[in-house]
Amino acid sequence: MDYNLSMIFAEKLYKILPASIIKKLQPKIMSIVAKQLHIVGQSMNYVDINVVDHCNLKCKYCANFCPLVNEKFLDVAGFDKDCERLSALSSGKIKTIRLLGGEPLLHPLLIEIMMVTRKHFPLSEIDLVTNGILLLKIPMAFWTRCEAFGIRVAISHYPIKLNYVKIKSIAKEYGVKTVYGKKPRGMYKWLLDINGCQDIKESHAYCIRANQCAVLQEGKIYACSLPPWIRYFNEYFGKDLRVNEFDYIDIYKAKNFAEVLEFLGKPIPFCKYCNTKKIVYVGNIKKGNNRMDIIKTRGVPRAG
Ligand code: SF4
Ligand code: SF4
């Protein structure tokens, strides 16, 4: 069974089974799904790039800690250099590059970032992943550049009002493909062990985030989105969950792409902070009331 089928299977079970049974079965279900993700050396299907780390929504379960970030924009010159290196290392063979965040439409140099991505990855699919709030306000140059660079606009489904019919009609006028994610059925509570006492291999074996989509950030590739963004959690809550040099691979030091792919499928020291056996399916997506919500029930939104 592949990853998508496994997730559909898991969600169907969540729909029909009572909560008490789900709680008991959860680790087993997650380990079945996780197995599909941890095949070492498989091709790189997705690379995620945070265009900004902050967001205009504050979702209770944001996986990237965006509600804790005041403002952080991607540096275009550094990104250009990183894309050039990653393209050379991978021979441009990355299936899909996702420009996301936070909310990417908040970056004033978004069009330059789109141009740089296409320049270095002429054959990859490029998705601009957005919550859609700003799409009816953005200058028309955005749409013309999406069309020129062959970039698709992927709108994640959140519990907010969005005039998708109008957005789709503007996109169509400019010849831009859009996709509106299905309404997610629910979210998962992701438990962190702030003392780092979990068994690394075991945490990884139950992890549905590992090797699903690599994250490129400041010259480094990560196998999941926790180590690159944990700094926001640490800063906000005064914690010290540490990231070390074995939690990522430096694209300027990697000898070849096989080395990168091998790294992505394996456990990392940071896995000691994830209590993946205790992941809980928490039902519908909720808006956060304040920033403290993130510590009570952190989870993974099922975007798109
Ligand atoms: S889940 Fe998405 S929309 Fe919500 S705060 Fe995080 S990045 Fe923003
Ligand atoms: S640190 Fe390890 S266990 Fe935690 S999300 Fe990343 S890969 Fe999964």
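**Helix packing and ligand surroundings**

In helix α3, Val 76, Phe 79, Asp 80, Cys 83, Glu 84 and Ser 87 meet Glu 112, Ile 113, Val 116, Thr 117 and His 120 of helix α4 (contact: C-beta atoms, placed from the backbone, within 7 Å; helices: DSSP runs of H or I, at least four residues, numbered from the N terminus). By class, this contact of α3 with α4 comprises five nonpolar, three polar and three charged residues (Ala, Val, Leu, Ile, Met, Phe, Trp, Tyr, Cys and Pro count as nonpolar, Asp, Glu, Lys and Arg as charged, the others, Gly among them, as polar).

The model is predicted: local features need pLDDT of at least 70 and side-chain atom pairs pLDDT 80 or more, whereas totals for chains, interfaces and linings use all residues. Residues are numbered from 1 along each chain as its sequence is written, with chains lettered from A and ligands numbered from 1 in the order in which they are written.

The axes of α3 (residues 76-90) and α4 (residues 110-120) come within 9 Å and cross at roughly 15° (lines fitted to C-alpha atoms over the stretch in contact, with angles from 0 to 180 degrees between N-to-C directions). The two helices are therefore roughly parallel (angles under 35 degrees).

Ligand 1 is surrounded by 14 residues, of which Cys 55, Leu 57, Cys 59, Cys 62 and Cys 66 are the closest (near: C-beta atom, placed from the backbone, within 6 Å). Its shell contains eight nonpolar, four polar and two charged residues. Around ligand 2 lie 13 residues, with Cys 207, Ala 210, Cys 224, Cys 271 and Cys 274 nearest; nine of the shell residues are nonpolar, three polar and one charged.

Terms used. Angles under 35 degrees count as roughly parallel, over 145 as roughly antiparallel, 65 to 115 as roughly perpendicular and the rest as oblique. Two residues are in contact if their C-beta atoms, placed from the backbone, lie within 7 Å.
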